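This briefing walks through a structure by topic. Please look over the sequence and the model before reading on.

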Amino acid sequence: MAVLFYFFSLLAVLAGFVVVSTRNPITSAVALVACFFGLAADYVLLDAHFVAVIQILVYAGAIMVLFIFVIMLLNLRGDGAPILDLSRRALFGVATAGLIGVGLVAGLESARRNFETTVPKDFGTIEHVGKALFASSSPWLLPFEVVSVLLTVAVIGAVVLAKREI
Amino acid sequence: MDQVGLFPVLAVSAVLFATGVAGVLTRRNALIVFMSVELMLNAVNLSFVGFARDFAARGVQNAIDGHVFTVFVMAVAAAEAAVGLALVILLFRNRVTVDLDELDRLKG
Amino acid sequence: MMLALIPALPLLGALVNAILNKRASRVVAGGIASTAVVLAAVLSFLTFFQVQGMAHGEHGAHGEVPHVAQHLWTWMKAGPFSVDFGLRVDPLSAVMICVITGIGSLIHIYSIGYMTDEKDAKSVWRFFVYLNLFVFSMLLLVMGDSFPVMFVGWEGVGLCSYLLIGFWYENTEYAKAGKKAFVTNRVGDFSFILGLFWLFWSLGDSATMNFVELQKVVEANPALVGGAGGLTITGICLLFFGGATGKSAQLPLYVWLPDAMAGPTPVSALIHAATMVTSGIYMICRLNFLFAMSPAAMAVIATIGALTALFAATIAVTQTDIKKVLAYSTVSQLGFMFLGVGVGSFDGGFFHVLTHAFFKALMFLGAGSIIHALHHEQDMRNMGGLRKYMPVTFGTFLMGYLAIIGFPGFSGFFSKDEILWLTFSTELFQGLPLGTVMPKVLWAMATTAALFTAFYMSRLMFMTFAGSYRGGAHGHDDHGNGAHGHAAHGHDAHGHGHGGHGHGHGGHDPHESPAVITFPLVVLALLSLFGGLLNLSPWANGGHHGFLSTFLHPVFQTVKMPFSADHTLEFPLMGLTLLAIAASVGLAYHLYVQAPHKPAAIAAKMKRLYEGSLHKWYVDEIYEATILKPLVIGSRQVLWAVVDTLIIDGAVNGAASAATGLGKLHARVQTGRVQSYALGIAAGAAILVLAYALGT
């Protein structure tokens, strides 16, 4: 299944590249969705079933929809930026990013090994994740609840920020 | 089926991350910068999942924590997106632009 | 007894008058000030007798200097070195405090009667504040037991002198005179401080500011100051003497004293006759153990003293302002005092200080009485015949006159003749080049000065008191012959203000001054007459030293000054001098009483000499051209234009510009754009990642 993995990863990377380089924000958003789909497939191949589903549901289904709504709302056109931006800012940015990328990859030499074949049964299922979250001995219970509070706050914050004056 | 090693997973993650950084630093449109940030977060998620699988295969206890963390990252990303987009809307309402180069009032 | 009360009382008086200020009238302010000084005088005399009593008791015990001391507080302390603010009255200071407070009291009382000008009414309190302050400073100067305390007093009297000379400050000329006094004094003070630093530095670890300890240290270990007769001690002593030339108006720093006559006459009497100008002599007497180690320095002192005596005397013969004559006479007599200490007679020079205080203060006060009675007329050409109108003033002035010319029996005779004889017979300079002939030359100069003194003082007496009264009938503006410039400017402002006042009454004759003025005159006249008894010369005292010399002996006992034991020439010289003095008096009588037209004729024949003398030998002009002008130009063109404007301002402004520029440079980081900040973060992250990657 390595081939499948490489295929979907390539899809994700190319989509990512489109995200950062295209002028039109809609194109960018759609490309990002495609990237998410590729990643979701990767998750499945890595036995992260629950995460894959969540990725589609939340990221592609909710967040990107929100993004597209906002783009439409603001009625943004294209950037107007040249295709090949050779300004100082672009060069520095790409160079720095490149350095980060190269550095990361170079530092990962020690990770060159194969996965073991056996994975525990039911690894990555929703049951497994649920047990990890909600078991009485789990350290993740409190963060879980806090995150829900966080989401509430975010919602309220978004509403307060964006509402019209009355 | 032959599984892919840890290294390719992390390499892909690194490339995606670097791409996201390039987008954040380069683009002028605020929304596209936002989307690049999401790209970075996803790269991180991929790396979490990869490690989780590796640990689980080697028998480390609580290897599932990688997935748990991914869930949290997504939740936070959602919250961040909501608030951030609200700010963009507010910004657009005041300045009729989302061009980051024009937002230099703190210049000094 | 509380020594501190002696200086504290005048200080308190000054404070009270300062607080009362305008509310205090002349009498009230003067009364407060005089009371303070009189009380201080009483205490001073009590202290004097106390010290005298100790002298008798301890005279048997060798080395002990009878004294009364009081330690007030520790002033400075740095490790083993400490300076205390303390007072110490030994025989030398005891005499000084009696003189200062005694004559001071008389002058304070006199001032109450003198400062009656209406325009002074609102500001006379200031006068008494300054006078009291002066007495306080002078007392500190002579009672201090260490250099710093003495220096506080030293500076204080300089300050008060400036304040008092420029008392009528609205007149620019007077204010300038005050400034001149202060600045010239300052030059002297600078020299003094340098000497003090040098001394301090030489002493190294055993450095001390206290006089008693200093004497012990230096006498125990002369090598610290380079050994007797060495360059170090000579330099130190000469620097100290430089300070004395400023304070005591010797060449080259005497120029302020004649101009100081701009101040009210009581000031001239107190400060510039009896006290402040004697502080130089006091200082030398106090540091006798240092000066005794350097015959070369002593020679310089004696020479300058004699030169000054002669130089000033040559100027006094032509001056027409009565106060100027007395001023130059003071400079000349101070020269005598320095000559006395310079040849090794500390008690001889000091005795002349005492007698001079009596007769010069008397004469200044007498002149003040005249000036007051004639409504601020100071030009002797407008006086004359005053002995008829002001008999008491005349009588007392006569006493002072006889004393200063050295009439036998008067105080001045004993003090001046002692100095002349000791100059002739000193053997102090034997080891120096020209050492054997120097005493004779100095004697000749001093005697010549004495002859001049007799001449110009007689001239003053005849022009002022003899003949008939020349003033009042015609206005004060008529100055007669052409030479009026410098001599008359001292009283210009006074005279003109009263243009309509004096001669509106036609023949308004002067009358004697009130008792408050004449009483001090009488007291001082008695002192001038009988003051000689205080220190009769051995030939008049059955071979014993006079009272003063004996009293002061413990202070000077460690220095042995060599004088020739051969007294054969003493009486012949004295007789010769007296004859010459009589001839001078006779000449003055002839020129100014019998043939009053002759002086002008002689002046016309010796025009160059006359003009030179009248214009003070142009010393002020020379100073102006060679020192003052270059300083002013240098300050303006160099120090201000270049150093201040260019360099210092440039540096300060440059620093500010640099800071601003640097700031502006760094402000360029603050672009206000999020992405540039993000770039910074990303760059840092890249570095970290690379560092990790390269490290593994």
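Leu339(C) touches Ala302(C), Gly305(C), Ala306(C), Ala309(C), Ile419(C), Thr423(C), Leu442(C) and Ala446(C), leaving aside residues up to four places away in sequence; two residues are in contact if their C-beta atoms, placed from the backbone, lie within 7 Å. The model is predicted: local features need pLDDT of at least 70, side-chain atom pairs count only at pLDDT 80 or more, and totals for chains, interfaces and linings use all residues. Residues are numbered from 1 along each chain as its sequence is written, while chains are lettered from A and ligands numbered from 1 in the order in which they are written.

- The largest nonpolar core has 207 residues, and Leu339(C) is among those with the most contacts inside it, as are Phe134(C) and Ala446(C).
- A nonpolar core is a set of buried Ala, Val, Leu, Ile, Met, Phe, Trp, Tyr and Cys residues joined through C-beta atoms within 7 Å.
- A residue is buried if 20 or more other C-beta atoms lie within 10 Å of its own.
- Helix H19 (residues 438-465) of chain C supplies the largest share of this core, 18 residues; helices are DSSP runs (H or I, at least four residues), numbered from the N terminus.
- A second, separate core of 86 residues includes Leu39(A), Leu46(A), Leu25(B) and Ala682(C).

**Chain contacts**

- In chain B, 64 residues are in contact with 77 residues of chain A.
- On the side of chain B that touches chain A, helices H1 (6-26), H2 (30-57) and H3 (65-95) of chain B each supply at least two residues.
- H3(B) gives the most to that side, with 22 residues.
- That side of chain B divides into 45 nonpolar, 11 polar and 8 charged residues; Ala, Val, Leu, Ile, Met, Phe, Trp, Tyr, Cys and Pro count as nonpolar, Asp, Glu, Lys and Arg as charged, and the others, Gly among them, as polar.
- Between chains A and C, 10 residues of chain A are in contact with 10 residues of chain C.
- The side of chain A that touches chain C has 5 nonpolar, 5 polar and no charged residues.

**Helix H4 of chain A**

- Helix H4 (residues 88-107) of chain A has 20 residues.
- The buried residues of H4(A) include Gly93(A), Ile100(A) and Leu104(A).
- The buried residues of H4(A) pack against H1 of chain B together with helix H29 (674-695) of chain C.

Methods: A residue is buried if 20 or more other C-beta atoms lie within 10 Å of its own, exposed if 12 or fewer, and partly exposed in between; C-beta atoms are placed from the backbone. The expected span of a helix is 1.5 Å times one less than its number of residues.
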